[in-house]
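Thanks for making the time this morning. I would like to walk you through one structure, so please have the sequence and the coordinates open while I talk.

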Amino acid sequence: MAVVDVDFISYTLKRQVHFKALIPTDNFYRPDRPETEFQTNPARTLYLLHGYTGCCNDFLYGSSIFQLAIQHNMAVIMPNGENAFYLEDWEKNEDFSKFVGKELVDFTRSMFRLSTRREDTYIGGMSMGGYGALINALRYPQTFSKVISISGAYVELEFADQKLYIRDFNSDEAYQKKVFGDVETMRQRNVDPRFCMEEIKRQGMPMPEIYFACGEQDFMIDQNRKLHRYMKDNEIPHVYHEGEGVHDWSYWNPHLIQAMVWLNE
């Protein structure tokens with residue numbers, strides 16, 4: 001497994017960007033084989049998104065993703081998402097959604113030996129990255145076949161349903177409006193995962209398979225339960241887990257391990 005550090009110019013973000021990648025390269029050393037046999041088959045790929053205040057190193061330092069990538073023989077691409085919720089920032093003329101949903105996929109496929117098949121292409125994340133993974137899997141359902149969302153920051157659901165920005169310890173009204181737009185129209189736009197699911201159904205596109213989980217003591221639990229109820233009521237297939245845990249790696253890592261097994265089912 002190779003660990004790769006990449007900088008390149010992004011046309012959707014209008015500047016140089018950075019990502020880390022885990023790329024399957026060869027089989028393990030065996031005493032009975034004198035030479036390494038390099039991997040030639042296109043790799044299945046997981047695009048993995050960090051949380052609020054994080055960076056592309058988070059999963060390498062906080063989780064067992066390196067060992068999991070080896071175990072499941074899977075490429076993992078980890079971009080920097082800043083604090084943009086992997087959406088558009090029209091004031092800065094930056095489109096993080098198109099970056100992770102199209103440009104990053106196209107660029108990494110051109111750079112590495114990655115499968116171009118939908119059934120081999122996944123997206124996942126935790127916290128802000130959990131929201132970003134689901135919303136972009138639903139915006140690009142012909143690219144991603146499966147999505148993992150752990151402790152997803154679905155704060156937008158409350159803004160949309162109450163038609164009110166709700167200040168918290170991370171953000172104020174100005175930030176929330178900048179990220180998600182007008183509360184009066186949120187439920188009818190593709191910043192709301194429910195709207196995106198309805199659009200996929202309406203257009204007859206393939207629905208990504210969905211795995212999401214949240215700890216029972218997590219401050220995001222109410223929003224995750226709300227999304228789970230919506231999907232259950234509307235007969236949208238998904239896997240949902242709760243269990244003991246808060247918003248930290250002690251909860252995220254075991255569920256990342258479980259989710260990686262789910263990707264291989």
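This is a predicted model: local features need pLDDT of at least 70, side-chain atom pairs count only at pLDDT 80 or more; totals for chains, interfaces and linings use all residues.

Let me begin with strand S8, residues 146-150, where five of the five residues are buried, so the strand is largely enclosed by the rest of the structure. In a regular strand the side chains alternate between the two faces of the sheet. In S8 both faces are covered, with Lys146, Ile148 and Ile150 buried on one side, and Val147 and Ser149 buried on the other.

Which strands pair with S8? Strand S7, residues 121-126, pairs with S8 in the parallel sense over five bridges, and if you look at Lys146 in S8 you will find Tyr122 standing opposite. To get from S7 to S8 the chain passes through helix H4, residues 128-139, and this β-α-β crossover is right-handed. Strand S9, residues 209-213, also pairs with S8 in the parallel sense, again over five bridges, and here Ile210 in S9 is the bridge partner of Val147.

Now to the charged side chains. Side chains of opposite charge can pair when their charged atoms come close. The count for this model comes to 16 salt bridges, and I will pick out a few of them.

One is formed by Glu94 and Arg15, whose closest N and O atoms are 2.9 Å apart. Is Glu94 buried or exposed? With a relative accessibility of 7%, Glu94 counts as buried, whereas Arg15, at 26%, is partly exposed.

The other two that I want to show share Lys226, which counts as buried at 19% relative accessibility, the cut-off being under 20%. Lys226 forms a salt bridge with Glu158, with the closest N and O atoms 3.3 Å apart; Lys226 lies in helix H8, residues 221-233, and Glu158 in helix H5, residues 155-162, so this pair ties together parts that are 68 residues apart in sequence. Glu158 is buried as well, at 17%.

Lys226 also meets Asp161 in a salt bridge, 2.9 Å from N to O, and because Asp161 lies in helix H5, this pair ties together parts 65 residues apart. Asp161 itself is partly exposed, at 37%. Finally, Glu158, Asp161 and Lys226 belong to a network of salt bridges that also includes Asp192 and Arg194.

Conventions
Residues are numbered from 1 along each chain as its sequence is written. Side-chain values use heavy atoms; hydrogens and water are left out. Buried means under 20% relative accessible area, exposed over 50%, partly exposed in between (1.4 Å probe, protein chains only). Helices (H or I, at least four residues) and strands (E, at least two) are DSSP runs, numbered from the N terminus. Two strands pair if DSSP finds at least two bridges between them. A crossover is right-handed if, with the strands pointing away from the viewer, the path from the first strand over the helix to the second runs clockwise. A salt bridge is a side-chain nitrogen of Lys or Arg within 4 Å of a carboxyl oxygen of Asp or Glu.
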